[in-house]
Structure formats: C-alpha cells, structure tokens
Amino acid sequence: MGSDQATKSEEWENNEDIKIFREYLKIPSVHPNINYDDCVEFLKRQAAVLDLPIQIVEVNPGKPIVIISWKGTNPAEKSIFLNSHMDVVPVYPEKWTIPPFSAHIDEQGRIYARGSQDMKCVGIQFLGVIRALKLEGRRLKRTLHVVFVPDEEIGGILGMKDFVKTDHFKALNCGFGIDEGYASENETFRLTYGERTMRPVHFFISGTAGHGSLLLNGTAGEKARYLIDKMIDFRQQEEQRLENNPELTLGDVTTINLTMMSGGVQSNVVPPELKLCFDIRVAHNIALDEFECLLEKWCEESGGGIRIEYGEKYPYIEPTKLDESNKYWTACKEAFLDMDLKVRLEIMPGATDIRYLRELNIPAIGFSPMNNTPVLLHDHDEYLQADVFLKGIEIYKNVISAVANV
C-alpha cells in the first residue's frame, strides 16, 4: 500500500461518522425474529452525544420506533421527517467473502456489511448532518425528526403503518419526508417520488385428479401452464417496453415474477390442486381494478376453477408532486443545482415505508446519495465506499438545510 493510500485508510478508520456507521452495521438486526434492543441502546448513545431528546414509541410490543429530534428556531412550522429502518434482510453467510456483520473496511475504503446500502447508511448520515451543523453553530428553522423504524423489510405492518395512525406521529407535525432511495451505477443520482403498487397474488388451481399414467382433461397442471404463459408473456411485453424506451425506468413498468410453486403428493398422482404465487408490482399509471380483471379473465381462459387470493391488498398511493406547488421540492431542486449534481427523477421500483406518509398526503422523496456505486441492496457482499458515505453527509446537509429553512 502506498503512503497516500495508507493515509486515506487511516482517515477512514479514524473518521467519527464512519466509526459510528460501522458500529451500527455490526448490530445483526436481521430477519426473522429481530430483537431491536441493541439498536435502541446504540441510538440512545448517539442522541446523548448530540445532546438531543429521544423518544421510544412501541405501538406494537417489541417493535420500537426511535425518534431523535432537533428543535428548529420556529418549532410551530411543519417539521421534516427523516426516516430510516433498523432491520435488514437475511444473509447467506457462505455466499459472502467478508463476514456480513463485520463492517470490514478494505484498502479501497469499501465497508462490507448487510445494511451498508439498505439502509443503515442513511440513518447515520442524517445524524451526521446534525453533528456537522451543530459544529458549524448553525440552526434550522424547522424541527428535524430523525426516525428509525422496525420491520420495513417485511412491509412495516407493525412499524410505520401503525405508527402514522397514532397521536405520537400527529404530534411530530410533519410537513415533508425523506427516506431511502437506491444506488446509481453512474454519475447521476436517483431520486424517487412515488412507488408502484404491490399486488402479491396467490392462485389456487383446482383440476381433475387421478392416476399419473392417464391423459386426464382439465388437470391443474394444464391450467397452471396456461396461466403461467399469460403471466410471463405480459412480463416480457413490459420488459420489451422498458428496453425500447430509454426514458422509462424499472419503476415505470409492471413487473411479474413467479416466486412460489407447490402441490402434489407423489410422482404418479395427478393432484387436485396446485398453488402458484407471483410477486407483482403494478405501474402507477395502470388502474388496479382493470389489472385484476385481466387476471380473472386469464383464470377463466385457462379452464376455470381457479381461486385468487391477494392477501395484503396495498392501496394505490398518489406520487408526490414535483412542481412549483411543492415548496419543499423547489428547495431540494435549488440545493441540487447549487451543488451541480445530476439527479434523475424516478418511480421507486420497490416499496419503502415512506408510502405511509404519502398516503396521508405528506409530500416525500426517496433519496440515498450513492452514485458511481453498484446496486447491492439485498445482495451478497453488500458494501458502500467510505468516500461515498462521507460525501453523502455533505449532500444531505445541503438538501436538509434547504427544506428545513423553507
């Protein structure tokens, strides 16, 4: 290692924000059955160091919402809600070349850990912004609430979804929200202003049962094949549409993926029922009732006898308006221009907890300041480069200062 690189590595190792980030990454708040106690204790220490008040709200047992607040000079103004989640998805340790909760930093400054991109970085960057502003002796007009929620990776049902219905949330007086986005492989940052609608679908396909040596009519297998063909054909049409139009992003099309198949008892018995599950994310410009009618039509065409279950039917939520009517967006845009940053506006391909704010007509964006970075959320060997992390604090500082001083 050259002397310059050695100096850089030493800077990374000794940087206070990176130390805090790595400590947080080492907490294995991984599904399933997470105990959030270590996260809460860690965040209590961060609040104490920053001399900020902290609230722990448990709408549901064992599902803490942690709120660290920095009071603005005009606390009567609507506040800024800076959201992140404490939980991370499972890992396959044998697929990692670096232990997934080691927070190891290599010579190039890559910090390896589950949650490094998704999204423990963002919560620590929010706190880093407050630390930096305090050191500069600055105050913001609007109050900042840095919020750490549980269970986002499994839908936030016992976390954010229930929290926004409480008096605790109403008391925060939120006017604008910022939550996670995702990395960009090139110079341009991604900023999301809406999400597709999740529509997980379970098909219970009944058919003629009997001996495996016969050519029975109307078997569940025949119906399943027809249905799968229709679903995958639709998927390919959307894939082609995305490929043909460079203006579109993944969030602008509907995705369909077959994720589970089950049924049958043994190889020589034609089963009376087969089950299929598809993960479907419906584009924001497609009417949900029309899409559901299409699924029912395909079930009938396949021979009928198919029951559809949707489980959690997530509602359509209007994207946040990014125009002059949104004063927070105007401030964001000016901050990006001042920093000379390239930003692409997108519909988020996945789902985040910020949708629960949008459902309440609170404008919100998804933005993780990670450019020139491979997209590794939920992947093996997830990492974030130290310089990208530190630059992100500076970017957030300008953006958050802009919206909090509106």
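Visitor: Which residue forms a salt bridge with Arg 307, and how far apart are the closest N and O atoms?

Guide: Arg 307 forms a salt bridge with Glu 309, and the closest N and O atoms are 2.3 Å apart. The term denotes a side-chain nitrogen of Lys or Arg within 4 Å of a carboxyl oxygen of Asp or Glu. The model is predicted, so local features need pLDDT of at least 70 and side-chain atom pairs count only at pLDDT 80 or more, while totals for chains, interfaces and linings use all residues. Residues are numbered from 1 along each chain as its sequence is written, and side-chain values use heavy atoms, with hydrogens and water left out.

Visitor: What does Asp 229 pair with?

Guide: Asp 229 forms a salt bridge with Arg 225, with 3.8 Å between the closest N and O atoms. The two residues are four apart in helix H7 (residues 220-244), so about one helical turn separates them. Helices (H or I, at least four residues) and strands (E, at least two) are DSSP runs, numbered from the N terminus. Arg 225 is exposed, with a relative accessible area of 59%, whereas Asp 229 is partly exposed at 37%.

Visitor: And Lys 313, which side chain does that one meet?

Guide: The side chains of Lys 313 and Glu 292 meet in a salt bridge at 3.0 Å, N to O. Lys 313 lies in the loop between strand E15 (306-309) and helix H9 (327-339), and Glu 292 lies in helix H8 (residues 288-301), so the pair ties together parts that are 21 residues apart in sequence. Glu 292 is buried at 12% relative accessibility, while Lys 313 is partly exposed at 42%.

Visitor: Which ring face does Lys 313 lie over?

Guide: Lys 313 lies over the face of Tyr 310, at 4.6 Å from the ring centre. For this, NZ of Lys or CZ of Arg must be within 6 Å of the ring centre and within 35 degrees of the ring normal. Arg 110 likewise lies over the face of Tyr 383, at 5.6 Å from the ring centre.

Visitor: Which residues are linked in a network of salt bridges?

Guide: Glu 136, Arg 138, Glu 394 and Lys 397 are linked in this way.

Visitor: Changing topic: how many aromatic pairs?

Guide: The count is 14 aromatic pairs. Rings of Phe, Tyr and Trp (its six-membered ring) pair if their centres lie within 6.5 Å; planes under 30 degrees apart count as stacked, over 60 as edge-to-face and the rest as tilted. Phe 163 and Phe 169 form an edge-to-face pair, 5.7 Å centre to centre with 80° between the planes, and both residues are buried. The rings of Phe 234 and Phe 291 have centres 5.8 Å apart and planes at 70°, so this pair is also edge-to-face.

Visitor: Where do Phe 234 and Phe 291 sit?

Guide: Phe 234 is in helix H7 and Phe 291 in helix H8, 57 residues apart, and the pair links distant parts of the chain. Both are buried. Elsewhere, Phe 126, Phe 189, Phe 336, Phe 367 and Tyr 396 form one aromatic cluster.

Visitor: What about the largest pocket: how much space lies in it?

Guide: About 970 Å³ of space lies in the largest pocket. On a 1 Å grid over the protein atoms alone, a pocket is an open set of points with protein on both sides within 12 Å along at least five of seven lines, a cavity is a set where a 1.4 Å probe fits but cannot get out, and lining residues have an atom within 4 Å of a point. Grid points are joined across faces, edges and corners, and a volume is the space filled by probe spheres set on the points. The lining has 37 residues, of which Arg 196, Arg 281, Pro 349, Gly 350 and Ala 351 lie nearest the centre.

Visitor: How many cavities of 30 Å³ or more are there?

Guide: There is one cavity of 30 Å³ or more, and the space in the largest cavity is about 100 Å³. Its lining includes Glu 195, Arg 196, Tyr 314 and Arg 358.

Methods: Buried means under 20% relative accessible area, exposed over 50%, partly exposed in between (1.4 Å probe, protein chains only).
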